[in-house]
Amino acid sequence: MLPPTPSLPQPPACRTHRLSSWRQLAAATLVCVSLGSTAAWAQADEYAEVNRLVRAGQLNEALVKTDQYLASKPRDPQMRFMKGVIQTESGKSADAIITFTKLTEDFPELPEPYNNLAVLYASQSQFDKARAALEMAIRTNPSYATAHENLGDVYAKLASQAYSKALQLDTNNTGVPPKLSLIRNVFATTSGSKAPPLAVTEVKPVVPSAAPPTTPVAAAKPAVIAAAPVTATPSAPAVAANGQSEVQSAVSAWAKAWSNRNMEAYLGAYAPAFVPTGGQNRRAWEADRKARIVPRSRIGVEVNDLSVQVNGDRATARFLQAYTSDTLNVSSRKTLELVKSGGRWLIVRESTGS
Amino acid sequence: MARSWSLRRGHASASFPTPGAASQRPAWLTVLLGLTTVAVVTLSSWWIHQRADDTEPASGHSAAESPSLITSALASMRPSVTPESAALRVGLEHQPLSDAALARTSPLLGQAEARLIGIYRLIQQSKPREALREAEALALDHPNFQLAQLVLGDLLNLQTRPVKQFGDVADTQALAAAKQLQELREQSRRRLAALTERPPEGAVPSQFLALSSSSRHAIAIDATRSRLYLFENAAARSSDAQGRVSAAQMKLIADYYISVGQAGIDKRSEGDLRTPLGIYYITSSLDPEKLPDLYGSGALPINYPNGLDALRGNTGSGIWLHGSPSEQFARAPQASEGCVVLSNPDLENLLALVSVRTTPVIIATELQWVRPEALNAEREGFQTTLAHWRTLKSAGDLAKLQQLYSPRFENQGQTLAEWWPRVEDEVKAKGDRAMQVKDLSVLRWLDQDDTLVVTFGEVAEGVRRGVTKRQYWMREDNQWKIIFEGAV
């Protein structure tokens, strides 16, 4: 559905974009900006300025800026969203809850405000409310992965509470509330910035097919994913982020195939040119992997602290691999070297250790 | 800087696994079976093999895989006694956990238990979302129903991860409360067993040779199954002049989960934390306002130690049927100091129905269910003996009458010689009038001895009021002899 965004001034060329999610809204804004509307440029400047203030840690100033902007465009969903995020980051939870709640009322199609409401409720240990908000987010956008993930955390917490009641353990002391992922879509953090109070999730712009082709300026300059800024300027980083998000997807799919013991998908994640370490040939290595993976009743492979460097059609993914199975729990540093071939990123080298 | 990035977070790729999405259906089923294997379905493996119209192939598959905790529990519960009257015994019927069976059984259960079983049924039918909704409602209504909370925890986890076992708590929780966890699983197992092993329609526990119409209700407890059965006595007020009565006509109107003593059953001595086995009567109803919270919504003391207990030197006192404390909707199968503990709503139902002095409470290791006609021969045989006793007492033949009393006779420490003057006085007071026996109940307790607990109204002819007598007759050298006698 097309969200009602009457106050969002858009050049006529952009009106045909169907904005099914906030992300796309942001992306569409980028696209529109790239089309060179003066009004949009001005608007983008306002967002960029708020963005800059936040990155500089000047949250109060950023808030003043959003209020100034909203005084003239009170319905603007993006600025209101930014305001809610700033309020959250400033610890003004009650204000942030009001901001996001109003956003859900005015723009019930957007999943992100529901998600962030859930983050706030969860931080207050109001898990039932958090759950309701996340279910709304998912109803709005059924493939909204962050909301699913957050909902998983909330379910786990609710389950833990139910178990504590079942076992008559002290329910007042069940640990800290889970930290859910806050969507800060218009903000980017640099890897050098201070740790944010909440787990930060960058949302990569999904550039609609209508986007004009951009030149791969950034290709020669590896960009670290955490630093990938999503700004109002549709320049190289967005493209680099694209390559990075593809590599992330590939790593994610590899970890998932391994977790699911889907040998076909798992082995398929490795390029024909893959060289096993230790001098094994490919066939022996595959047999070894099958022998290690198939008999397990449960395997979980989690990828943490992922950093991806893309250099043309080659990429390096470094991460902390948390492996759990029915027999083993182990965390280790892992590096995967990947090559893009036929539109897919395939693993050519896998090494453990830093 | 310790910044964590999980691939699963904030990633908007379309290929991302989304829990609950249609593509996850097969995984969901696997997950579901993880719970049902342990919790529910194995119970019904026999029924799946037997029924052609089984509609849960998925469940059937899991049931066939491996014997679960419940299966083995059931195996150990099946009657293993080889009875001398096997032909008369009908035993419990295996009843599948089907909708039709539940519709029949649920009205008998406590409401909370019926809802819990309904949730199990939904899990079995692969309806985890509906099950979750019901579990949340149940936990909301009864936050102190720990078993419901455990099931709720599993169903919540089931939304996002496989549940490996019933009560799939975190390791830390399992360590911190290993006993509670084990007890909850046991409670669940017993509740399920009671639901799938049903007394056949019209069957009665073998103790009820005859039940007077003055006993409007009767209670029978199967300690092994943690189950209390409540009967309504449908017997018409009919006995002939001899006091002869027909078979007990009892209708099962409720059955509830109960807890017994921490150390189990077969109480022998004060403080042994065991629940007595035998035939008892409710002696009073205690005001819940004056009871500590531990006893919940009320208490019904029973007459432990009874005449047989006294003869055997069993000691202790204060055995009650009572409710549950506010923090626990239901207690572990073995939890009390010897009392029989019910959930408060169930106890309240008992309070509304049973009556002091006339409601029998049979507490057995394991109840034997029989057709009422199966007890005819025993009852009629005894009624001949009782008629003989009545005739001798009516005629004032004290010498012959005394032969019906056992040398082991005892009443509150009095031997037969010490007691006999009372019998003589009764005969004297009655004069020439014949003795009538009214409202006869005969309850049989079979352990190392064969004992009848006989209750009746003893009224002299032409006299308006008599006394209610209770006698314990024990089979000695194939003759019934009175080992205890007293007014109730």
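# A walk through a predicted two-chain model

A:Arg131 is buried, with a relative accessible area of 9%; buried means under 20% relative accessible area, exposed over 50% and partly exposed in between, with a 1.4 Å probe and protein chains only. This is a predicted model, in which local features need pLDDT of at least 70, side-chain atom pairs count only at pLDDT 80 or more, and totals for chains, interfaces and linings use all residues. Residues are numbered from 1 along each chain as its sequence is written, chains are lettered from A and ligands numbered from 1 in the order in which they are written, and side-chain values use heavy atoms, with hydrogens and water left out.

The side chain of A:Arg131 meets that of B:Glu136 in a salt bridge, 2.1 Å from N to O. A salt bridge here is a side-chain nitrogen of Lys or Arg within 4 Å of a carboxyl oxygen of Asp or Glu. This pair crosses between chains: A:Arg131 belongs to helix α7 of chain A, and B:Glu136 to helix α7 (residues 128–141) of chain B. Helices (H or I, at least four residues) and strands (E, at least two) are DSSP runs, numbered from the N terminus.

Chain A as a whole comes next. Eleven helices and six strands are found in chain A. Of its 354 residues, 49% are buried. Taking the contacts in chain A between residues at least 6 apart in sequence, 55% join residues at least 24 apart; a contact means heavy atoms within 4.5 Å. The accessible surface of chain A is about 15800 Å², and carbon and sulfur atoms account for 53% of that surface. Such areas come from the Shrake-Rupley method with a 1.4 Å probe, and for residues only the protein chains shown count as cover.

One helix of chain A can be followed in detail. α6(A) has 13 residues and reaches 19 Å from its first C-alpha to its last, close to the 18 Å expected at 1.5 Å a residue. The expected span is 1.5 Å times one less than the number of residues in the helix. Most of α6(A) is covered, with twelve of its 13 residues buried. Among the buried residues are A:Pro111, A:Tyr114, A:Leu117, A:Leu120 and A:Ala122.

After α6(A) comes A:Ser125, in the loop between α6 (111–123) and α7 (127–140) of chain A. Although A:Ser125 is not a glycine, its phi is positive, at about 60°. With a relative accessibility of 39%, A:Ser125 counts as partly exposed. A:Asp305 is another residue other than glycine with a positive phi, near 55°. A:Asp305 has its place in strand β3 (residues 299–311) of chain A, and its 30% relative accessibility makes it partly exposed.

In chain B, an open sheet of three strands has the order β10-β11-β13, with mixed pairing. The edge strands are β10 and β13 (340–341), each pairing on one side only. Two strands pair if DSSP finds at least two bridges between them. Strand β11 (residues 320–322) of chain B runs parallel to β13(B) and is joined to it by two bridges. B:His322 has B:Val341 in β13(B) as its bridge partner.

B:Pro305 is found in the loop between β10 (299–301) and α11 (307–312) of chain B.

The last topic returns to charged side chains. Over all chains, a search of the whole structure finds 35 salt bridges. In one of chain B, the side chains of B:Glu186 and B:Arg190 meet at 2.7 Å, N to O. Both residues lie in helix α10 (residues 178–196) of chain B, four residues apart, which is about one turn of the helix. B:Glu186 is buried at 13% relative accessibility, and B:Arg190 is buried at 14%.

B:Glu476 forms a salt bridge with B:Arg408, whose closest N and O atoms are 3.4 Å apart. This pair links distant parts of the chain, 68 residues apart: B:Glu476 is in strand β20 (residues 467–476) of chain B, and B:Arg408 in the loop between α14 (398–402) and β16 (410–411) of chain B. B:Glu476 counts as buried at 15% relative accessibility, whereas B:Arg408 is partly exposed, with a relative accessible area of 41%. Elsewhere, salt bridges that share partners join B:Glu113, B:Arg191, B:Arg198, B:Arg227 and B:Asp255 into one network.
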